[in-house]
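Please open the structure in your viewer and keep the selection tool at hand.

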Amino acid sequence: MEQVYQNLNSILAKIDALCKEKGIDSKSIEIIGASKFRSIETLRALSSQGIVTVFGENKVQEFNSKYDENLTWDIIGQLQTNKVKYVVGKVRYIASLDRLSLAEEIERISAKRNVVQKCLIEVNSGDEECKGGINVNQVDEFLNQLKAYPHVKICGIMAVAPQGIGEQELKKCFQKVAKKFSELKCIEPDFTVLSMGMSEDFLTAIECGSNQVRLGRVLFGDRP
Ligand SMILES: *Cc1c(COP(=O)(O)O)cnc(C)c1O
């Protein structure tokens, strides 16, 4: 665990320095532990420190096997419609809402359980065909369609940047998503979360306006 705490301190120092330099309020940045393959013991220990207290899981099966109601969880990976029933009401955000059929199922289950499920729209910042997420240009229309679902509350945007692109290109991707986010933030009262940035690119993401970073390897070390 010592190593994880050291990693966290170094991450916090980097974020702090960047925020000071750029005039960003560092307290507005939330760090989520991207916790795939990490043990529940590790997550409990980290959470008890009070800094990283939310964990993003990719797979429903892994989420289910780790689930502890005393921790806070997000689903950050592709979510199959038939698995919605395992997460609604148990996770803070479903951060990978990328299609109407998924929203429809979240609505159906949430209504049945009498809960409102908070979600983030997953945006494909690099326009790659293979990745999850909708195109930035489709967000407005998607949001309008989602208004038909009173038990689905849209709280912002999650984006994953394409791998292996240059710093300039990366910035362009993040800025494109950030622009859409600030636009919507002005007109959508619940729009508060811009989730961009992982181990390789979290500082760039913060510089571009992200207020939530999802950190795996840089926090926990290389994945087993
Ligand atoms: C695994 C994962 C992360 C964290 O990745 P690292 O590069 O290890 O920081 C963030 N977001 C999503 C959606 C992930 O699947």
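The stops below begin with the overall fold and end at the ligand.

This is a predicted model, in which local features need pLDDT of at least 70 and side-chain atom pairs count only at pLDDT 80 or more, while totals for chains, interfaces and linings use all residues. Residues are numbered from 1 along each chain as its sequence is written, and side-chain values use heavy atoms, with hydrogens and water left out.

**Whole protein.** Select the cartoon: the protein has eight helices and eight strands (DSSP runs, H or I of at least four residues for helices, E of at least two for strands). The C-alpha atoms fill a box of roughly 45 × 40 × 30 Å along the principal axes.

**Ligand shell.** Next, select the ligand and the residues around it: A34, K36, N58, I76, M198, S199, R214, L215, G216, R217 and R223 (each with a heavy atom within 4 Å of the ligand). By class, this shell holds four nonpolar, three polar and four charged residues; Ala, Val, Leu, Ile, Met, Phe, Trp, Tyr, Cys and Pro count as nonpolar, Asp, Glu, Lys and Arg as charged, and the others, Gly among them, as polar.

**Polar atoms.** In the side chain of R214, an N or O atom is 2.9 Å from a ligand nitrogen. At G216, a polar backbone atom is 2.8 Å from a ligand oxygen.

**Burial.** Finally, display the ligand surface: taken alone the ligand exposes 390 Å², and the protein buries 92% of that (Shrake-Rupley method, 1.4 Å probe).

Definitions and conventions
A polar contact is a pair of N or O atoms within 3.5 Å; within protein, one must be able to donate a hydrogen and the other to accept it, and residues adjacent in sequence count only if both atoms are side-chain atoms.
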